[in-house]
Amino acid sequence: MALALGTRASPGVPSHVIHGPHNSSAPRAVGQNALPRRVFSAATAAMVLGTARRLQRPRARPMLRADPSTSSLCQVARGLEPVREPQVPVWLFRQAGRHLPEYNEYKAQRGKNFLQLLQDPKDVAEVTMQPLRRYGVDAAILFSDILVVAEALGIDVEMPGGKGILVPRPLESPRDLARLEASTASADFVEQRLAHVLEAVRLILQTMSQEGMGDIPLIGFSAAPWTLFFYMVGGSSKKRTDAGELWLKEHPEASQELMSLLSEVIIEYLSAQVRNGCHVLQVFEAMGEHISPANLENFAVPAMARIAKALKERHPEVPLMVFPRGACYALPTLQNAGFDVVTADCETDLADAALSLKAEARGRVANLQGNFDPKWLRPGSSVEDVEREVEVMLSKVPTGRLIANLGEGLNGQESPELVQAFVNAVHAWKR
């Protein structure tokens, strides 16, 4: 088993464009001062962004136009041997966003915050494209937020700097369910309330085709019902984190009602993403650590199974992926609920997870996704550290059974050089 390194040119923007010139013989460790900050005027920023768009290119693509459904990622997600390179596909949770210099420059140029960017399909398309241009990852993922479904239902969402996501007026009691603006979920409801997201999906696909990346799959996503429930009744990821569990205990019938409504809206939302062109669907159960195993089994898993069943009936050709962060003991259960790919977090051993999936499967064994620790992508780490840890990760699961990703999302502190090293090391993997 080896990483065949040095066999391909690194895709992306030449480092001197963003970071200034460097000595190629210097040590490859990345420290606090490795990424100097620069101040750009609006005109200079526009010029840099234009240059970056021309220079940023992923690895060479085949001349023939390939169907994204035959991509390595889609094949592995379906449980098939990949017919196209790479052997191990890779993308990253939160691959677009604040760790990228071009994202921060673009956001400053536009004069918008994160939530404001999400309202404009042109902004969403541009930000979605940035990691594809820089890193040559094997999938695009819609640049969006996990709480857009809650917003569509009439829940106010804020994101003040440094405080995470906030819901300033959470649901305090079952009486507050009357505040929600959809008594019944429908395709029309989603098409109206989330029209800007669906327009962004179409624009992303158009842009990918125009930039020669039409063979790359686009991943659509939604938060899972419990994650939405957690924020809607608790209001924050940092305070009142027991509010969701208290609701489940004190208001079981109202909790089931809310989980059912959220499940139906998610089904319609993800189905609409497929109708508008998404090739793969990802469900994020981001708050798995804040629900007990018993409540996960009684409330969350039935909702997830309902979503998987409905989407498989409507779109059997579209792979379904799920990430129960903080609750990866449930990977075999979610496999049997109908998900094609289950994601391991940083606390889960991939080899153990693979054995559990095989031992407990009641049908096809799901493939795995994950679970590189993003700590290796932050200052203080080095390219050599990344390459070593990638080899450790990939050696635990047979080729064709893993989509390489992270065990948690990028938090904005990562070095683009080290993220690029991660992608390159996965692509160079040979058994």
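Student: Why is helix 17 called largely enclosed by the rest of the structure?

Tutor: Because 11 of the 12 residues of helix 17 are buried, where buried means under 20% relative accessible area, exposed over 50% and partly exposed in between, with a 1.4 Å probe and protein chains only. The buried residues include Pro 416, Leu 418, Phe 422 and His 427. This is a predicted model, in which local features need pLDDT of at least 70 and side-chain atom pairs count only at pLDDT 80 or more, while totals for chains, interfaces and linings use all residues. Residues are numbered from 1 along each chain as its sequence is written, and side-chain values use heavy atoms, with hydrogens and water left out.

Student: What makes residues 416-427 a helix, and how does the span of helix 17 stand against the expected one?

Tutor: Helices are DSSP runs of H or I with at least four residues, and strands are runs of E with at least two, both numbered from the N terminus. Helix 17 has 12 residues.

Student: What makes the pair of Ser 415 and Glu 417 a polar contact?

Tutor: A polar contact is a pair of N or O atoms within 3.5 Å; within protein, one must be able to donate a hydrogen and the other to accept it, and residues adjacent in sequence count only if both atoms are side-chain atoms. At the start of helix 17, a side-chain oxygen of Ser 415 comes to within 3.1 Å of the backbone nitrogen of Glu 417. The pair therefore falls inside the 3.5 Å limit.

Student: How do you know that strand 7 and strand 8 pair?

Tutor: Two strands pair if DSSP finds at least two bridges between them. Strand 7 (residues 367-372) and strand 8 have five, in the parallel sense, and Gly 370 has Ala 404 of strand 8 as its bridge partner. Strand 6 (residues 341-343) and strand 7 pair over three bridges, also parallel, with Gln 369 of strand 7 as the partner of Thr 343. These strands belong to an open sheet of seven strands in the order 2-3-4-5-6-7-8. Its edge strands are strand 2 (140-141) and strand 8 (402-406), each pairing on one side only.

Student: Why is strand 7 called largely enclosed?

Tutor: Six of its six residues are buried, so strand 7 is largely enclosed by the rest of the structure.

Student: Why does Pro 160 count as partly exposed?

Tutor: The relative accessibility of Pro 160 is 27%, so this residue counts as partly exposed. Pro 160 sits in the loop between helix 7 (148-152) and helix 8 (187-193).

Student: What makes a space a cavity or a pocket?

Tutor: On a 1 Å grid over the protein atoms alone, a cavity is a set of points where a 1.4 Å probe fits but cannot get out; a pocket is an open set with protein on both sides within 12 Å along at least five of seven lines, and lining residues have an atom within 4 Å of a point. The largest pocket has a volume of about 1400 Å³. Of its 41 lining residues, the closest to its centre are Arg 94, Arg 98, Asp 145, Ile 165 and Leu 410.

Technical notes. Expected span 1.5 Å × (residues − 1). Points joined across faces, edges and corners; volume = space filled by probe spheres on them.
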